[in-house]
Number of protein chains: 2
Amino acid sequence: MARRTGRRPGNPETREAILAAAREAFAGKGYDGASIRAIATGAGVDPALVHHYFGTKDKLFLAAMQAPMDPAEIIDAVGEGDRDEVGVRFVRLFLRIWDGPGGAAGVAMLRSAVGTEWTARLFREFVVTQILRRAVPKLGLDDDEQGPLRVTLAASHMVGVALARYVIKVEPLASVPSEVIVAAVGPSVQRYLTGDLDLAAHLGDPPDRP
Amino acid sequence: MARRTGRRPGNPETREAILAAAREAFAGKGYDGASIRAIATGAGVDPALVHHYFGTKDKLFLAAMQAPMDPAEIIDAVGEGDRDEVGVRFVRLFLRIWDGPGGAAGVAMLRSAVGTEWTARLFREFVVTQILRRAVPKLGLDDDEQGPLRVTLAASHMVGVALARYVIKVEPLASVPSEVIVAAVGPSVQRYLTGDLDLAAHLGDPPDRP
């Protein structure tokens with residue numbers, strides 16, 4: 001019998017069974033469609049145990065994704081303060097996490113996300129429920145019909161930077177000081193989040209969309 | 001015995017043996033360190049056969065990567081014409097390839113690139129030798145000490161867009177018309193390639209770099 005650790009409650013095998021059932025449910029039914037009850041049934045445990053081990057459904061999802069950080073914390077920190085510096089704040093905080101001890105987990109998460117259709121769907125649910133749904137209101141984009149596009153543009157840019165810097169490790173991007181990337185990329189992210197994207201000609205007439 | 005096809009010269013098993021030896025050599029020794037002779041030896045064939053099957057070392061590398069396109073063609077097309085529209089041209093051409101029949105191969109290449117340290121190294125060699133080395137002179141950035149950084153910033157952004165749109169498939173980025181992305185992302189890429197990145201404060205004093 002494996003022993004419990006102080007940090008993570010529960011039998012490691014039971015934890016893993018719950019996490020495996022959670023991944024299957026989140027990828028198969030989506031975040032909203034996956035219930036704690038069904039995940040507990042899939043793992044052969046009582047729903048109360050899932051709550052006891054992982055807390056909320058959000059926390060269970062983060063654990064299932066082995067996420068290096070809680071996006072809610074990043075979004076809260078980026079959302080606070082001068083709106084004209086939201087781009088620079090986002091890039092700086094993002095790089096601080098990836099340059100730090102969470103970076104290895106980030107690389108593992110990115111590798112897993114890209115691996116198969118199944119893991120890609122899991123990651124997509126993660127982006128939509130943990131990032132998009134929170135960032136749009138937090139950044140004051142509720143009334144902006146381009147809000148979700150803005151956030152996905154900013155997020156996709158940063159994922160590309162993470163891929164190039166930490167996974168592919170292309171120079172000079174891989175070893176340039178993080179503040180160089182903050183200075184270079186911050187204004188792009190700022191424009192995506194709060195600037196004029198000049199899309200009226202392309203989005204004005206939905207029936208014309210292919 | 002497998003039959004030859006009209007399009008690809010040679011015995012499929014011999015072709016595969018050469019491609020496997022090429023991947024190993026390019027990942028292990030880098031593009032410059034990998035010789036056609038050593039690759040032929042690794043595959044147990046005559047070097048002349050490698051040239052006969054694949055042509056140049058560049059073409060062999062593209063075949064080994066299963067690249068959906070030859071970056072040289074994209075870079076040439078992007079490099080021609082008005083310098084103030086290089087960003088828009090790059091994004092438009094990039095999306096045209098990914099939205100077209102080459103997209104599936106692109107997804108496969110990206111999946112492979114991210115998969116392991118070994119394949120990441122292979123992809124890095126691809127970026128450096130097939131993209132960076134060509135794009136820097138073609139875009140007139142030889143005398144710009146930030147030239148390589150500029151190209152990697154632009155490339156990392158587009159890889160992030162490809163990942164979000166074609167692999168993770170996050171909405172609305174996944175199904176928005178390509179011209180929306182051209183309008184939104186083109187100016188960022190333009191700034192990376194030709195604009196003022198305002199990096200003097202961060203790059204002016206190399207000894208201070210961590």
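Student: In which helix is B:Val114 found?
Tutor: This is a predicted model, in which local features need pLDDT of at least 70, side-chain atom pairs count only at pLDDT 80 or more, and totals for chains, interfaces and linings use all residues. Helices are DSSP runs of H or I of at least four residues, numbered from the N terminus. In chain B, the run covering residues 103-115 holds B:Val114, and that helix is α7.

Student: Is B:Val114 buried or exposed?
Tutor: Buried means under 20% relative accessible area, exposed over 50%, and partly exposed in between (1.4 Å probe, protein chains only). B:Val114 has 1% relative accessibility, so the residue counts as buried.

Student: Which residues does B:Val114 touch?
Tutor: Contact means heavy atoms within 4.5 Å. Residues up to four places away in sequence are not counted. The partners are A:Leu110, A:Arg111, A:Val114, A:Leu163 and A:Val167.

Student: Which B residue forms a salt bridge with A:Lys169?
Tutor: A salt bridge is a side-chain nitrogen of Lys or Arg within 4 Å of a carboxyl oxygen of Asp or Glu. Here the closest N and O atoms are 3.6 Å apart, and the partner is B:Glu117. A:Lys169 lies in the loop between α9 and α10 of chain A, and the partner lies in α8 of chain B, so the pair joins two chains. The residue asked for is B:Glu117.

Student: How many residues apart in sequence are the parts tied together by A:Asp70 and A:Arg134?
Tutor: These two form a salt bridge, with the closest N and O atoms 3.9 Å apart. A:Asp70 sits in the loop between α4 and α5 of chain A and A:Arg134 in helix α8, so the pair ties together parts whose separation is 64 residues.

Student: Which residues of helix α4 in chain A are buried?
Tutor: This helix spans residues 57-65. The cover over its buried residues includes α1, α2, α3, α5, α7 and α8 of chain A. The buried residues are A:Leu60, A:Phe61, A:Leu62, A:Ala64 and A:Met65.

Terms used:
Residues are numbered from 1 along each chain as its sequence is written. Chains are lettered from A and ligands numbered from 1 in the order in which they are written. Side-chain values use heavy atoms; hydrogens and water are left out.
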